[in-house]
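Here is a short tour of a protein model, written for someone who likes to know which side chains meet which. Have the structure open as you read along.

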Amino acid sequence: MTPLHSINNPSTHIKRSKHKLLSALTTGASIAAIGALSMTAPTLASAKNIQPSSADYSFTIEDKYKGSATRTLSKSGNLWKYDVKARVAGVASASQSSAFTINGNNVSPTQASTTYKILGIGRTHKLNFDPNKKQVMSNYKGKSTNLNMDQQAFDDLSLEVQIRQDLLNGKFSGNYYMAKHDKIEKTPFKKSANTKITVPAGTFDTVRVDRVHDDNSRSTSFWLAPSLDYLPVKVSQINDGKKMDLELTKVN
């Protein structure tokens, strides 16, 4: 990826580096691409629920770009909201939000939005979920697409909440689905190991969860802390040889 000092010539470098930086930035903003149970799964009246929280993170992209992210999970009545903001100073920013309910162990998203900017140029992707019609309306680059939701689909942030719910309640399946720009995509995961890791926020016992990629040049691993309702304390991603590391710096 282009060093920061080369950004002064955006016409030469922005196309080459844009997609890699955005991928890393949005992963820094969230624990991207984690899914949900099927729409027909029974609810559990006694299911444990994650608690509202706020946490700060730092992330590094190829040891060249350094950024920060804040993730806030809140609740008002039956409605939950997850807000994430991430930025690489002077270069790029991303913001994400997700609204959803939790019934028993099942997370049901209602709407989500992701906005990113690089050197002032940006895009917004919006999702609206209609569980009654089993559809998701995706709006990206001014184009709206109806996606059939045969199985429960999620945006990035509600996906994170669902897998944390699954781990809290011993329901982790590894078979999950995510709503993309123009399709609903199966996104498999596996639990790899229990390990103790140290990040700027401290030392934590964690459960490692890996995304199963078809492409051998990609890898994504998450370290989730049971003591923090399986909040991610570290994320490591490699995409076409480009590495991104995210670490928890503070629980507010």
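## A bridge between close neighbours

Let's begin with a charged pair: the side chains of Asp 245 and Lys 243 form a salt bridge, with 3.7 Å from N to O. Please keep in mind that this is a predicted model. Asp 245 has a relative accessibility of 24%, so it counts as partly exposed. Lys 243 is also partly exposed, at 41%.

How many salt bridges does the structure hold? There are eight.

## Bridges across the chain

Another of these pairs is Lys 242 with Glu 62, whose side chains meet in a salt bridge at 3.8 Å, N to O. This pair links distant parts of the chain, 180 residues apart: Lys 242 belongs to strand β15 (residues 242-251), while Glu 62 sits in the loop between β1 (53-61) and β2 (65-76). Are the two partners buried or partly exposed? Lys 242 is partly exposed, because its relative accessibility is 29%. Glu 62 has 18%, and buried means under 20%, so Glu 62 counts as buried.

Glu 185 and Arg 211 make a salt bridge too, with 3.7 Å from N to O between their side chains. Glu 185 lies in strand β10 (residues 184-186) and Arg 211 in strand β12 (residues 202-211), so this bridge ties together parts 26 residues apart in sequence. Here Glu 185 is partly exposed, with 22% relative accessibility, whereas Arg 211, at 17%, counts as buried.

## A lysine in a loop

You will find Lys 171 in the loop between α2 (156-168) and β9 (177-179). Its relative accessibility is 38%, which means that Lys 171 counts as partly exposed. Where the chain passes Asn 105, 66 residues away in sequence, the C-alpha atoms of Lys 171 and Asn 105 are 8.7 Å apart.

## The whole chain

Stepping back, the protein chain has two helices and 15 strands. Of its 252 residues, 48% are buried. Taking the contacts between residues at least 6 apart in sequence, 49% join residues at least 24 apart.

Terms used: Residues numbered from 1 in each chain as written. Predicted model: local features only at pLDDT ≥ 70, side-chain atom pairs only at ≥ 80, totals over all residues. Heavy atoms only, no water. Helix = DSSP H or I, 4+ residues; strand = E, 2+ residues; numbered from the N terminus. Buried < 20%, exposed > 50% of the residue type's maximum accessible area, 1.4 Å probe, protein only. Contact = heavy atoms within 4.5 Å. Salt bridge = Lys/Arg side-chain N within 4 Å of Asp/Glu carboxyl O.
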